[in-house]
Amino acid sequence: MYRFLVSILSVFFFSNAVQAVYVNTEIDSLNGLLETSIGIEKIEILNELSKAYDTISYDKSLDYAKQALELTKEYKGKEDIAASFDRVARIYYFLSNYDESINYFIESLKIREQNNDKLAIAQSYNNLGVVYLNLKNDNKALEYLQKAWDLSEEIDDDALMRKTAINLGIVYAQLSDYYKSLEYHKKVLTLIDETELKQLSVCLNNIGLVYCYLKDYDKALEYYLDALEINEQERYKWSISNCSRNVGIMYIELYDYNKASIYLTKALTIAKEIGSKHLIKDCYIAFSELYFAKGNYKKAYKYHKIYSDINDSIFTEELGKNIAELEVKFETVKKEKEIEILRNEKEIDVLKSKKNETQRNFLIIVLLLVLFLIIILYSRYLLKQKTNKILEDANQQLNIAINKISKSEEDFKELNATKDKFFSIVAHDLKAPFNSLLGFSEILVKKAEQYDKEKIKQYSIIINTSAHDLFNLAENLLHWARCQSGNVQYNPKKVDLKKLVINIIYTLEISAKKKNITVYLEIPKNTYVYADANIISTVLRNLLSNALKFTEKGGKVSITCVEKDNSVEVSVVDTGIGISEENIKKLFILENQYTTRGTFDEKGTGLGLIICKEFIERSGGKIWVESESGKGSNFRFTLPKTKN
């Protein structure tokens, strides 16, 4: 927001800008005329002297303005008195004495309200709004500026409407009401004359900045480029550099790093050409952001270091200027005191008193200088600490980025290994059933008429079994591929577990009857889980199919559940051949490729349990197995009762 205010207030300030600039000879001439002038003529000379000192000393400018105000009260009318109050108020503003500035502006406003001069009243409202804007009292600023806008609209004064609209745009931006800020800035565009290119470029630049705050970087770029085009036409080098930097920053946000580099280079070149350290340091911090966005953390750190050094240099120069100004003020006070003492040298008592006063003032100023230096040095220390913290954070970001790259390499290697293993499994598991299908179907094609019905039936059963194996493999491969690509649609809802299991048992009834296996369902009614019905059906189908596959003829398979606080634990228990402790460790892991044949020589793919694990974990549960060789297996998994 600070950048926003600076770019506007320098152009759209008070209604009557100070324009007179006088050299020392002209000031001497005015002082000569002042000695002999009286009445209205003296008021005019005092006002001219006040304007002349605007570029040299605001203190002296204020002194002459106050003298002019007192005489104006005696010799002139109310509007001139109001204008004189305005003049004093503006000087207090430039001296950063905002309280006194407000007091004098209010005195001016009172007179203008008595005269019912709407244009002058609107100007006073605008002036008060600007002061409150600088005091960061946004609500008060908005109150006065809105009054100024309403009056300027009523009297249809374009110049005042333009100034007030700009200031309203500023205050709404400070209040983070960016759309309102845009509304007033765009009103300015309709009021600006075609010849007022400087004001137009500033307004366009500010609109771009508001869009930047709104993160509408395309719009911001459009207005920045329009402002840049005007500045290039008029050869405003400072503004060209500033706008080019803004354009470069927008291209960083839009990920067009090549264009960002071009505009930032242009901004930096012009900034160096005109010797503006503030622009130069802003360009370097923008380059740091560019290289950080590109992932070149070394260059980002390098440019941030240059920015920090220039910032320190500016800080040191400003410190030197402040100290020099204090020294000049001290010397001025000292000389004035000495002159005053010399004029009264015959009065010894007065002389001693003045001398003591000078010494006291000298000591006070020295103490103030020391205090000022301490404050400056401490501020510089804090700035250095802040800079070091920024550099430390940049190093941490660099380390984090390096660690992420290393982790990405490890993940890629692991993924590549998993992919190779997956293709190995697919190639191996597809080969056997295809050999059976092709081999026995080819025999039937060539020799079917030579075989009896029993032989043909036997071969048909083998072909059918191979087709089923291929179907099961294809189904598991499909589930696995969908898991790995993230395309599994997960739509959890309240599911009746018993009804779901009944449907699964029904689909596998033929497999159970072939081996005369009894399936027991021991799940109570109204047992609900929160999960995706299709995903849980896939898990139960795989587990029940495995139980039937590895259970001997005439065996038993039970499906039970136990309700706990926040979950339901489901068990698929069989009386089959069981699993050794060594092989249990190989389950649920693709790399191990653990498969074995069923009691009727049924073939597995090795992917079923892996899919079960991924689906259960996706559903917010966990899965494990308890088994011993020859004593059957108990596959257990949990599911949440309610939405987590």
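Is Asn516 buried or exposed, and what is its relative accessible area?

Reply: Happy to take a look with you. Please keep in mind that this is a predicted model. Asn516 is exposed, because its relative accessible area is 53% and the cut-off for that class is over 50%. As for where to find Asn516, look in the loop between helix 20 (509–514) and strand 2 (518–522).

The backbone of Asn516 deserves a glance too. Its phi is positive, about 55°, although Asn516 is not a glycine. Most residues other than glycine have a negative phi. Asn116 sits in the loop between helix 6 and helix 7 (118–134), and with a relative accessibility of 54% it counts as exposed.

Now let us step back to the whole chain. It has 23 helices and 7 strands. Of its 644 residues, 42% count as buried. The chain exposes about 35,900 Å², and carbon and sulfur atoms supply 52% of that area. If you take the contacts between residues at least 6 apart in sequence, 65% of them join residues at least 24 apart.

Arg112 forms a salt bridge with Asp86, with 3.0 Å between the closest N and O atoms. This pair links distant parts of the chain, as Arg112 belongs to helix 6 (residues 98–115) and Asp86 to helix 5 (residues 78–94), 26 residues apart. Both partners are under cover: Arg112 is buried, with a relative accessible area of 2%, and Asp86 is buried as well, also at 2%.

Helix 5 has another residue to look at, Phe94. Phe94 counts as partly exposed, with 37% relative accessibility. Its C-alpha atom is 7.6 Å from that of Tyr58, although Phe94 and Tyr58 are 36 residues apart along the chain.

Next comes helix 8, where you can see another charged pair. Lys140 forms a salt bridge with Glu143, and their closest N and O atoms are 3.8 Å apart. Lys140 and Glu143 are separated by about one helical turn because they are 3 residues apart in helix 8. Lys140 is partly exposed, at a relative accessible area of 29%, and Glu143 falls in the partly exposed class with 35%.

Helix 8 (residues 138–155) also holds Asp150. Asp150 counts as partly exposed, at 42% relative accessibility. On the surface, Asp150 gathers with Glu153, Asp156 and Asp158 in a patch of negative charge.

Further along, there is a salt bridge between Lys237 and Glu273, whose closest N and O atoms are 2.2 Å apart. This pair too links distant parts of the chain: Lys237 is in helix 13 (residues 237–253) and Glu273 is in helix 14 (residues 257–274), 36 residues apart. Lys237 is partly exposed, with a relative accessible area of 38%. Elsewhere, salt bridges that share partners join Lys564, Glu569, Glu626 and Arg636 into one network. For the chain as a whole, the count comes to 21 salt bridges.

To finish the tour, turn to a patch of another kind. Phe362, Leu363, Val366, Val370 and Ile374 make a nonpolar surface patch of about 430 Å². Phe362 lies in helix 17 (residues 348–447) and is partly exposed, with a relative accessible area of 38%.

So, back to your starting point. Asn516 is an exposed residue in the loop between helix 20 and strand 2, and it has a positive phi without being a glycine.

How values were computed. Residues are numbered from 1 along each chain as its sequence is written. This is a predicted model: local features need pLDDT of at least 70, side-chain atom pairs count only at pLDDT 80 or more; totals for chains, interfaces and linings use all residues. Side-chain values use heavy atoms; hydrogens and water are left out. Patches are made of residues with over 30% relative accessible area and no salt bridge: like charges are joined within 9 Å, nonpolar side chains (Val, Leu, Ile, Met, Phe, Trp, Tyr) within 5 Å. Accessible areas come from the Shrake-Rupley method with a 1.4 Å probe; for residues, only the protein chains shown count as cover. A salt bridge is a side-chain nitrogen of Lys or Arg within 4 Å of a carboxyl oxygen of Asp or Glu. Lys and Arg count as positive and Asp and Glu as negative; His and the chain ends are not counted. The place of a charge is taken as NZ of Lys, CZ of Arg, CG of Asp or CD of Glu. Helices (H or I, at least four residues) and strands (E, at least two) are DSSP runs, numbered from the N terminus. Buried means under 20% relative accessible area, exposed over 50%, partly exposed in between (1.4 Å probe, protein chains only). Contact means heavy atoms within 4.5 Å.
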